[in-house]
Amino acid sequence: SFRELIELADKFVVEWLLEQCDLFYMKLSRSIKFGCKNQIELETVRFLFDEAIYAPRRSRQKYTVSVKEKMSTMGKFAKQEFIHRYATNYMYLSVDQLSALLELARGHDGILLKIVQENLAKKKKVPTATLR
């Protein structure tokens with residue numbers, strides 16, 4: 001996987017491979033265009049989002065800035081859709097993923113609360129209306 005490849009390149013200081021990984025990540029980031037709710041684009045953003053979180057220290061800031069810039073161009077609906085899909089299984093996210101998600105969700109009042117309510121309703125068979 002991309003994550004394993006870049007980790008090995010970083011560990012063994014294989015500069016040309018690190019450069020190729022950077023080029024791939026940045027090219028993929030630039031290729032995304034948000035116009036509508038596109039499943040492929042949302043999955044690509046998820047890949048970019050996750051890889052920015054787990055990138056080796058030397059690449060992490062560059063990747064994080066790139067993904068933040070890309071997310072800033074997302075419309076409100078697309079960003080909420082991404083947050084909703086990403087956070088749906090919040091119980092299985094790492095602390096790093098949750099931190100990044102909370103930062104992204106800042107300014108989108110209620111979306112994370114809505115996701116928690118939906119999960120509680122599914123697990124406890126509680127009608128969503130009673131959780132409001």
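**Figure 1. The whole chain at a glance.** The protein has 7 helices and 0 strands, where helices (H or I, at least four residues) and strands (E, at least two) are DSSP runs, numbered from the N terminus. This is a predicted model, in which local features need pLDDT of at least 70, side-chain atom pairs count only at pLDDT 80 or more, and totals for chains, interfaces and linings use all residues. Residues are numbered from 1 along each chain as its sequence is written, and side-chain values use heavy atoms, with hydrogens and water left out. The C-alpha trace spans about 55 × 30 × 25 Å along its principal axes. How much of the protein counts as buried? Of its 132 residues, 37% do, with buried meaning under 20% relative accessible area, exposed over 50%, and partly exposed in between (1.4 Å probe, protein chains only). Contact means heavy atoms within 4.5 Å. Among contacts with a separation of 6 or more, 59% are between residues 24 or more positions apart.

**Figure 2. The largest nonpolar core.** In soluble globular proteins, nonpolar side chains tend to be buried together. Here the largest nonpolar core has 32 residues, and those with the most contacts inside it are Tyr-25, Phe-49, Tyr-63, Val-67, Met-71, Phe-82 and Tyr-86. Such a core is a set of buried Ala, Val, Leu, Ile, Met, Phe, Trp, Tyr and Cys residues joined through side-chain atoms within 4.5 Å. Two or more residues come from each of α1 (2-11), α2 (15-31), α3, α4, α5 (76-87), α6 and α7 (111-124). Which element gives the largest share of this core? That is α3, with 6 residues.

**Figure 3. Val-67 and its contacts.** Val-67 sits in helix α4 and has a relative accessible area of 6%, so this residue is buried. Leaving aside neighbours within four places in sequence, Val-67 is in contact with Tyr-25, Leu-48, Phe-49 and Ala-52. Although Val-67 and Tyr-25 are 42 residues apart in sequence, their C-alpha atoms are 9.8 Å apart in space.

**Figure 4. Glu-51, a residue of helix α3.** Not counting residues up to four places away in sequence, Glu-51 touches Phe-2, Arg-3, Tyr-25 and Tyr-63.

**Figure 5. Arg-46 meets Tyr-86.** Arg-46 also has its place in helix α3, and with a relative accessible area of 28% Arg-46 is partly exposed. The C-alpha atoms of Arg-46 and Tyr-86 are separated by 7.4 Å, while the two residues are 40 apart along the chain. Beyond residues up to four places away in sequence, Arg-46 touches Phe-82, Arg-85, Tyr-86 and Leu-93. Setting aside neighbours within four places, the contacts of Tyr-86 include Arg-46, Phe-49, Asp-50 and Ile-53.

**Figure 6. The largest pocket.** This pocket has a volume of about 350 Å³. A pocket is found on a 1 Å grid over the protein atoms alone, as an open set of points where a 1.4 Å probe fits, with protein on both sides within 12 Å along at least five of seven lines; lining residues have an atom within 4 Å of a point. Grid points are joined across faces, edges and corners, and a volume is the space filled by probe spheres set on the points. The lining has 17 residues, of which Phe-49, Thr-64, Lys-68, Ala-100 and Glu-103 lie nearest the pocket's centre. Two or more lining residues come from each of α3 (39-54), α4 (57-72) and α6 (95-105), and α4 gives the most, with 6 residues. By class, the lining has 7 nonpolar, 4 polar and 6 charged residues; Ala, Val, Leu, Ile, Met, Phe, Trp, Tyr, Cys and Pro count as nonpolar, Asp, Glu, Lys and Arg as charged, and the others, Gly among them, as polar.

**Figure 7. Val-13 in a loop.** Most residues other than glycine have a negative phi. The phi of Val-13, however, is positive, near 50°. Val-13 is in the loop between α1 and α2.
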